[in-house]
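Subject: Structure handover

Hello,

Here is the structure for you to look at. My notes follow below it.

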Amino acid sequence: MSLNKVLITGSSSGLGNHLALHFSKKGHEILLHGRNEKELIKIKNKINKNGSNAEYVVADLSNNHELELLCNKAKKENIKILINNAGITCPGLPLKELSYKNIDFMIAVNLIAPIKIINTLNKILDHVININSMVGLEAKKNRSIYASSKWGLRGFSESLKKEEILYKILDVYPTNIKTWPERENAMDINFVLNSIYDAMLKEEEELILDGRKQDV
Ligand SMILES: NC(=O)c1ccc[n+]([C@@H]2O[C@H](COP(=O)([O-])OP(=O)(O)OC[C@H]3O[C@@H](n4cnc5c(N)ncnc54)[C@H](OP(=O)(O)O)[C@@H]3O)[C@@H](O)[C@H]2O)c1
């Protein structure tokens with residue numbers, strides 16, 4: 001596989017930020033994305049300092065116009081690898097405590113945006129990596145909307161794999177990840193990054209990273 005350009009949604013923090021550094025160290029050029037421009041500039045400078053190229057786009061994925069601008073930039077840059085990572089994590093509340101606004105926003109960012117981005121970029125992509133969650137495989141209390149978004153993403157992706165598509169899709173289902181050093185009872189970030197990269201190279205379709213079953 002050639003060292004193609006990668007779009008990583010939600011790379012201003014957390015897992016996306018780590019993925020951006022990891023892929024850039026492997027020689028890929030990175031198109032960073034998020035809403036927090038200050039954090040995007042920080043990660044862009046870090047990547048540039050390591051001798052790799054990175055640009056960024058500021059876009060709220062719940063806004064169709066901004067989503068379109070992101071996709072236009074991705075097309076212009078001839079992005080070959082798309083990592084659908086941006087996500088709103090679960091507030092851990094029962095459904096009755098969530099407003100329409102909470103529900104719409106989480107479904108828009110976690111489910112609708114990846115669908116629209118894949119659909120818009122489908123002619124140029126070689127690889128799609130969807131960062132799902134163990135909650136996309138297992139039902140959990142007080143996670144109804146987060147689970148809906150992740151189960152929806154899984155259903156979308158599994159169905160798409162049966163179509164005549166020109167790109168490979170890898171769906172990643174992790175338990176908690178140590179995206180910052182103080183986080184306890186979570187999987188080692190380097191283990192997660194290496195596992196995702198290797199699975200992509202091997203053109204695997206599914207990667208379950210269950211920290212409960214591993215000594216990580
Ligand atoms: N961390 C874990 O333990 C874990 C476990 C399983 C699955 N996951 C999945 O991994 C992914 C990343 O999680 P994380 O823990 O790294 O989360 P995080 O640190 O909260 O980062 C989320 C990223 O998504 C972006 N984002 C959120 N809302 C957005 C919006 N409306 N428009 C554009 N960008 C938006 C954020 O950027 P801005 O703030 O700049 O907008 C940020 O870069 C998610 O899909 C999550 O479900 C994480």
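A word on terms first: helices (H or I, at least four residues) and strands (E, at least two) are DSSP runs, numbered from the N terminus. By that rule, Ser148 is found in helix α5 (residues 144-160).

Two points on the source. This is a predicted model, in which local features need pLDDT of at least 70 and side-chain atom pairs count only at pLDDT 80 or more, while totals for chains, interfaces and linings use all residues. Residues are numbered from 1 along each chain as its sequence is written.

Overall fold

The chain has six helices and seven strands. Along the sequence they follow the pattern β-α-β-α-β-α-β-α-β-α-β-α-β. The C-alpha atoms fill a box of roughly 45 × 40 × 40 Å, taken along the principal axes.

Buried residues make up 37% of the 216 residues. Buried means that 20 or more other C-beta atoms lie within 10 Å of the residue's own; exposed means 12 or fewer, partly exposed is in between, and C-beta atoms are placed from the backbone. Two residues are in contact if their C-beta atoms, placed that way, lie within 7 Å. Among contacts between residues at least 6 apart in sequence, 67% join residues at least 24 apart.

Helix packing

Two packed helices are described by the angle between their axes and the distance between the axes. Axes are lines fitted to C-alpha atoms, for helices over the stretch in contact, and angles run from 0 to 180 degrees between N-to-C directions. Under 35 degrees counts as roughly parallel, over 145 as roughly antiparallel, 65 to 115 as roughly perpendicular and the rest as oblique. A crossing is left-handed if the near helix is turned anticlockwise from the far one by less than a right angle, and right-handed if clockwise.

Take α1 (residues 14-25) and α6 (residues 189-201). They pack at about 60 degrees, with their axes 10 Å apart. That makes α1 oblique to α6. The crossing is right-handed. His18, Leu19 and His22 in α1 meet Ile189, Leu193 and Tyr197 in α6. Those residues divide into four nonpolar, two polar and no charged. Here Ala, Val, Leu, Ile, Met, Phe, Trp, Tyr, Cys and Pro count as nonpolar, Asp, Glu, Lys and Arg as charged, and the others, Gly among them, as polar.

α1 also packs with α2 (residues 37-49), at about 20 degrees and with the axes 10 Å apart. The two are therefore roughly parallel. Their crossing is right-handed. Asn17, Ala20, Leu21 and Ser24 of α1 make the contact with Ile43, Lys46 and Ile47 of α2. By class, that gives four nonpolar, two polar and one charged residues.

Single residues

Most residues other than glycine have a negative phi. Asn78 has a positive phi, near 50 degrees. Asn78 lies in the loop between α3 (64-76) and β4 (81-84). Asn78 is exposed, with 9 other C-beta atoms within 10 Å.

Asn185 also has a positive phi, of about 50 degrees. Its loop runs between β6 (168-174) and α6. Asn185 is exposed, with 9 other C-beta atoms within 10 Å.

Back to Ser148: with 18 C-beta neighbours inside 10 Å, Ser148 counts as partly exposed. The C-alpha atoms of Ser148 and Ile103 are separated by 9.9 Å, and the two residues are 45 apart along the chain.

Best wishes
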